[in-house]
Each structure stands twice: as C-alpha cells, then as structure tokens.
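Q: I have a model open and want to learn how to read its features. Where do we begin?

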Amino acid sequence: METTDTKKYLFESMPVGAAIRTMAIPTIISQLINLLYGLVDTYFIGRTGNAYMIAATTVTFTIYMIDISFANLCGIGGGSHIARLAGQNDTGNAKKLAAFSVYLAIGVSLLYSLIILVFLDPMLRMLGASDATLGYARQYTIFVMIIGNTPTILSLTLAHLLRSAGYSKQASIGLSMGGVLNMIFDPLFMFVILPPGNEVIGAAVATLLGNTISCIYLFIIVKKVSDKAPLSVKFSDMKGIRKEDINGLFSVGVPSAILTGLFDLANIFLNALMAAHGDLQLAAIGIVMKAERLPNAINLGICQGMLPIIAYNFTSGNRERMRNVISTARIYGLIISVLCLIMFIICASPIVKIFMSTKAGNIQETTATITFGILFLHIRCLASPFQFLNYHTSFCMQAMGNGSGTFIHAVVREIVFYIPFMFLLDHLWGENGLASALIAGEAAGAAFALMILHMWLKKTKEKQGEI
C-alpha cells in the first residue's frame, strides 16, 4: 500500500497530466471491464436470437441506473467532501463521514430493494415492458436489483471513497474483479447449469455473484487502509459526526444522484417512446445504448479520477493546479470522444452484430433489429463529445462543492432540453428523430454547463481575491 506522503505528492505536487493518469487510468480500466461484463450479458443473451430477451434487459437497465444514483449520493457526495476535508488536513472528521457514507449506502439499498419488490410489475410496465418481455424483465430484476441491490450500491460507494483518498488502483481492482467473475459465470449459468430458456436468469445470477464478491473485497480493502487514510467502515466511527459534514455530503450527493436519476428518467421516456414504434426498435436502441457506454465509461473514468484532485486543491487553496487539472482532463476526454465517434461511424454494422446473432431465432426479426441498430448508432454517436462536456463540467462542480450548480445543470439538461427534444423530434421524424434527440439535448446541455462552470470559477476567484 502507498504511504501517506505518496498520496500527498499525488494531490499536491505530481505533474498534472501524470496525476490525472494515475487516478484515471485504473478507473478507466475498471469502467471498461464493468462495461465489458454488461456487454457480455447482452452478447450471450443475443446468442439466443431472442429479441424479446434483449428488449427486457433494456427495460431493466433503467432500474439499475437508479442504483448508480444512490451510489453517487453516498459515494461521490461523501467522497468529494472527504477529499475537501483532506485538503484541510481534517482526517478525523473525514473518517466519520466515510463511515456515515458506508452505512447510508446500506440503508438506502435495502429500502430501494423493498420498493422494487412491492411495485415490480407496475414499474416494469411503466418502463416499457410488453407482454412478450415482462417475464424476462421480472427474472433479471429480482436477482440483480432486488437481491443484489446492497452489494451493487455498496461496492460502487466503497470504490468512490477509496478514490477520494487516492486509492484509485485498489478501487479499480475491486470493481474489475466483479466484472471478470461475471464474464466467467455468465456462460456457466446461462448454458451449462440452467436449462435452455433460462438464459436471462443465468445472466442475472452471474451478475449477482460477481457484485457480491467485489463488494466483500472492497469492504476489506477500505478497512485495511483506514489506519492511514481518511476512511472507515466502523459503525462506531460515525459517533460525533458534524452536521456540516453531513450537509456537505448531501449538498453534492443529492444533485449527483438527481443527475443520474434524471438521466434514468430520460431513458424511461426514450424506452416508452421507442416501444411505441415496436419491440424490435426497443431492442435496437438497447443495443446502441450498450455500445455508447464505451466512450461514456472512459470519460467517466477520467472525470472520477480528476474529482478528488480538484476537490483537494480547491480547499487547499492551490487554484492554479486545480484549473490545470480541469483543462487537461477536458482535453483528454474530448480526444477520446472524437476517436469513439469515428469508430462508431466506420464500424457500426459489426458492433451491432456482436449483440445480435443471425444464426438463431427469427431471422427476419433479427435482421430488422440489426438494421435499426446500425442507423440509431450512426445518429447517436454524434452526441459523444457533448456528453463528455456535460460529465466533465458536472464533476468539476461536484468536486468544488457546488451542489446547486450541479442540480440546475441536471434539471436543465434533461427536463428543459433532452426530454422535450425527444417528443418534438419523435413527432417530426419518428424513431429516427427520437434517436437524434440525444445530439440536440446534449449539445444544448453542454453549452449551458460550460456557462455555469465559468460563472462559478469567476465567483470563487473573486471571493479569493485572485487577480
């Protein structure tokens, strides 16, 4: 394990590009591995040639994204404030907040599991499940989002907390472990242990086991490093936690959760509007959303890696270093986004065909799904650079404790821009217009986000009396 002095050098003195890479590369790797295991689920289910199974997992993805919202509430909210406390050398209160974040994640996950259990079928119907897809969606949700909610939310929260203290590599190993195990378990449960027709259950059980093992590992790591890091998993360490630190968690965590929740809400509308065009179109957009996770995973890794460095230097007073981190990370992300955009334009057909086999099931339906998928991917990939700018700006504001800016950006991006564009463009050009709404929504949201960030940086600069 690295020493405290090593972490101090990382946050305070290491060259900016190297510091971002040190924090971001392990995070990107874990994001890609977890992306891969999500794609593996879709890949193996796609081997059945059953478009209804694919459509069902598309529906459940929305419920899973709420898990991400709760993990952001506890992990990013707690982690960003822990990094700011570390920048003030306030280790004692950082430990108390870390313990609070852990047990908040456990409580929230149990409550969410209960809500899903009570309202399972109405929820799936609202998200676009048809008579043909409801049974499959129910199977996946029970194992992954009801039984598996606590290990999923807690493992993501623990990873965020580890990154906040500079332990990006350990966080990434834990999350990657779950992904690798899921990839091993997927074919085993789908095609060996369970009989044909139960492929969705097999994929769900594999995900549950992978996330549980990952959670146990990360819990042990946080406990191990807590003697020299501003982290803790002890329930007793919450004693005496300051109200201002709890408020600090929620001031960033709630807007971060809302940001993901509104993204989830947008997907609800997207699924519902696309389902009105047909189950094949819904399956196709589900495949495209899986493919889109490649640039998103890399860019989220960059943003999650930069967040603790920005937060630390914001409170330590090194604003020049903070601004260099912001601009360098922005350049990295835009380069990645453009490269992925080019790849999707050139390779859309083979990418979509990875997820849909033409050797099984109804060949006519499969071919139609692939055709829709290629078209949707060609359209939606153009939004990639704008999506990164939205992520980057939001994470910058979270790092600096600007919860109100994060909240306003989230609401305007999804409620004012993206969702209205869905209805308008769907009305004008049908499913193709619906696919193109992402470009319009993300571009408008990015412009608004950059304006908010510029105003916030100017405000903090004036407050510090800088020239």
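A: With disulfides. A disulfide is a pair of cysteine sulfur atoms within 2.5 Å. The sulfur of Cys381 has its closest cysteine sulfur in Cys340, 9.9 Å away, so the two are too far apart for a bond. By this rule the structure has 0 disulfides.

Q: What kind of model is this, and how are its residues numbered?
A: This is a predicted model, in which local features need pLDDT of at least 70, side-chain atom pairs count only at pLDDT 80 or more, and totals for chains, interfaces and linings use all residues. Residues are numbered from 1 along each chain as its sequence is written, and side-chain values use heavy atoms, with hydrogens and water left out.

Q: Are Cys340 and Cys381 buried or exposed?
A: First the cut-offs. Buried means under 20% relative accessible area, exposed means over 50%, and partly exposed lies in between (1.4 Å probe, protein chains only). Cys340 is buried, at 7%. Cys381 is buried too, at 2%.

Q: How do I read an aromatic pair?
A: Look at the rings of Phe, Tyr and Trp (its six-membered ring). They pair if their centres lie within 6.5 Å; planes under 30 degrees apart count as stacked, over 60 as edge-to-face and the rest as tilted. This structure holds 7 aromatic pairs. Take Phe11 and Tyr312: their ring centres are 4.9 Å apart and their planes are at 15 degrees, so the pair is stacked.

Q: Where in the chain do Phe11 and Tyr312 sit?
A: You need the naming of elements here. Helices (H or I, at least four residues) and strands (E, at least two) are DSSP runs, numbered from the N terminus. Phe11 is in helix α1 (residues 4-12), and Tyr312 is in helix α11 (residues 279-316). The pair links distant parts of the chain, 301 residues apart. Both Phe11 and Tyr312 are buried.

Q: What does Glu12 touch?
A: Contact means heavy atoms within 4.5 Å. Not counting residues up to four places away in sequence, Glu12 touches Tyr312, Asn318 and Arg321. Glu12 is in helix α1. At 29% relative accessibility, Glu12 is partly exposed. Glu12 and Asn318 are 306 residues apart in sequence, yet 8.3 Å apart in space, C-alpha to C-alpha.

Q: Lys7 is in helix α1. Is Lys7 buried or exposed?
A: Lys7 counts as buried, at 10% relative accessibility. From Lys7 to Ser256 the C-alpha distance is 26 Å, across 249 residues of sequence.

Q: Now Thr27. Which residues is Thr27 in contact with?
A: Leave aside its neighbours within four places in sequence. Thr27 then contacts Arg163, Ser168, Ser172, Gly301 and Gln304. Thr27 lies in helix α2 (residues 16-46). Thr27 is buried, at 0% relative accessible area.

Q: How do I read the packing of two helices?
A: Compare their axes. Axes are lines fitted to C-alpha atoms, for helices over the stretch in contact, and angles run from 0 to 180 degrees between N-to-C directions. Angles under 35 degrees count as roughly parallel, over 145 as roughly antiparallel, 65 to 115 as roughly perpendicular and the rest as oblique. Helix α11 packs against helix α12 (residues 319-354) at about 175 degrees, with the axes 10 Å apart. That makes α11 roughly antiparallel to α12.

Q: What residues make up the contact of α11 with α12?
A: Sort them by type. Ala, Val, Leu, Ile, Met, Phe, Trp, Tyr, Cys and Pro count as nonpolar, Asp, Glu, Lys and Arg as charged, and the others, Gly among them, as polar. This contact has 21 nonpolar, 4 polar and 3 charged residues.

Q: How do α4 and α6 pack?
A: The angle between α4 and helix α6 (residues 134-147) is about 155 degrees, and their axes are 9 Å apart. The two are therefore roughly antiparallel. Ser113, Ile116 and Leu117 in α4 meet Thr141, Met145 and Ile146 in α6. The contact residues divide into 4 nonpolar, 2 polar and no charged.

Q: Last, backbone angles. How do I read phi?
A: Most residues other than glycine have a negative phi. Asn89 is not a glycine, but has a positive phi of about 60 degrees. Asn89 sits in the loop between α3 (51-87) and α4 (91-118). Asn89 is exposed, at 59% relative accessible area.
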